[in-house]
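Dear colleague,

I am handing over the structure below, together with some notes on what was found in it. Please read the notes with the coordinates open beside them.

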Amino acid sequence: MTNTHVKTILILAANPANTSRLRLDEEVREINTALQRAKNRYEYQIVTRWATRVEDLHRALLEYQPTIVHFCGHGDGSNGLALENNFGQVQLLSTQALARLFGLFQDTTECVLLNTCYSKDQAEAIHQHIDYVVGMNRAIGDVAAIKFATGFYDALGAGRLIEECFAIGCTFLDLQEIPEDLTPVLKARRRRNQTEITTNSENVIPGKSFKDDSRSDDNKVTQNRSISIGGNVAGSAVQTGDRNVANIQFQPVSLPAPESVDIRAELNALQEAIALLESPDRRKIENAFADAEDEVNKPNPDKNEVGKALDRAFDYAKRAEGFASVVEKLKPHLTKTTAWLGENWHKLLSIVGLGI
């Protein structure tokens, strides 16, 4: 049994035999060193799992209930993270499966750090459930990954907040003259009931947007953490369950002018209506609305990001028993919200039986 007063950092390392070799042992050593010399070293314990397989992942999460989960190894972009199979070869863990898994541990895990190439897709998916997720928006060199982790855990051991740990990790790269300080990206969520909020906490740290989809790598280090193997690899798949969706007749509706819509008021009204439902996905719904509100509060909000967040929220809400009972309350507010979002999101109207 672990001490419940000590926060566990679970490090999951995988470097399959049919991938290029990485200095993962050095990364783990530097993380250990950073926390051992910290003033708050007694607040954390590190658990490391080497040659991680898919089954090792969920078992470790169940056994240790970690506060922070740290992946180090290879990534393959939208295809997933490279873990190992029983023969030491690559087994890709899909983005969907990874997100679904962390959805089961959202009450115990606060932060996930994906120190692998092209892991922004996984970070965005996991962020539906976990408040703080770090990913990489392009390839990251082995040295840069190690130095970023060193700066991050130096700050954590000094008692800094996750946003500050992230910023210090990026700054450490700059101080080391490693031109990859814009490669790490942080997805952070501020909860309505959160009492301690830092001034720089945004949905995405400024200057480090997930919209950077470039797969170019200006790093001069020869080895990076992008998977490069031959042949086929085994993956994971997720099946969605049946949904309890209200059976509604479609009705035509006219949309108001977008500039006439107070989008913040409409989001609040939508969330208040859905709050009337008894749903096992309550936290997932709240997380999605929090993401939408964070985006709306930016100086130049991305309407597509707001639409994606609302799409997630309603996807969960529709599964709740009694969803039909709140449809009438949702209609006027979803109509105005859809007008503000634009034609790309007219499909949201079908949720409450409306159409253009």
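Predicted model: local features only at pLDDT ≥ 70, side-chain atom pairs only at ≥ 80, totals over all residues.

On the α1 side the contact is made by Glu 26, Glu 27, Glu 30, Ile 31, Ala 34 and Leu 35, while α5 brings Ile 146, Ala 149, Thr 150, Tyr 153, Asp 154 and Gly 157. Sorted by class, the residues in this contact of α1 with α5 are six nonpolar, two polar and four charged.

The second pair consists of helix α2 (residues 54-64) and helix α3 (residues 95-103), whose axes come within 11 Å and cross at roughly 15°. By the cut-off already used, α2 and α3 are therefore roughly parallel to each other as well, and α2 passes α3 in a right-handed crossing. Here the contact is made by Leu 57, His 58 and Leu 61 from α2, together with Leu 98, Leu 101 and Phe 102 from α3, which by class gives five nonpolar residues, one polar and no charged ones.

Ala 51, although not a glycine, has a positive phi of about 50°, and its place is in the loop between β2 (44-49) and α2. Tyr 118, likewise a residue other than glycine, has a positive phi near 50° and lies in the loop between β6 (111-115) and α4 (120-126). Are these two residues buried or exposed? Buried means under 20% relative accessible area and exposed means over 50%, so Ala 51, at 37% relative accessibility, counts as partly exposed, whereas Tyr 118, with a relative accessible area of 10%, is buried.

As for the protein as a whole, its secondary structure comes to 10 helices and 10 strands, and 53% of its 356 residues count as buried. Taking the contacts between residues at least 6 apart in sequence, 73% join residues at least 24 apart. The protein exposes about 16,600 Å², and carbon and sulfur atoms supply 46% of that area.

Technical notes: Residues numbered from 1 in each chain as written. Heavy atoms only, no water. Contact = heavy atoms within 4.5 Å. Helix = DSSP H or I, 4+ residues; strand = E, 2+ residues; numbered from the N terminus. Nonpolar A, V, L, I, M, F, W, Y, C, P; charged D, E, K, R; others polar. Buried < 20%, exposed > 50% of the residue type's maximum accessible area, 1.4 Å probe, protein only. Areas by Shrake-Rupley, 256 points an atom, 1.4 Å probe, with all protein chains shown as cover. Axes fitted to C-alpha atoms, helices over the stretch in contact; angles between N-to-C directions. Parallel < 35°, antiparallel > 145°, perpendicular 65-115°, else oblique. Left-handed = near helix turned anticlockwise from the far one by under 90°.
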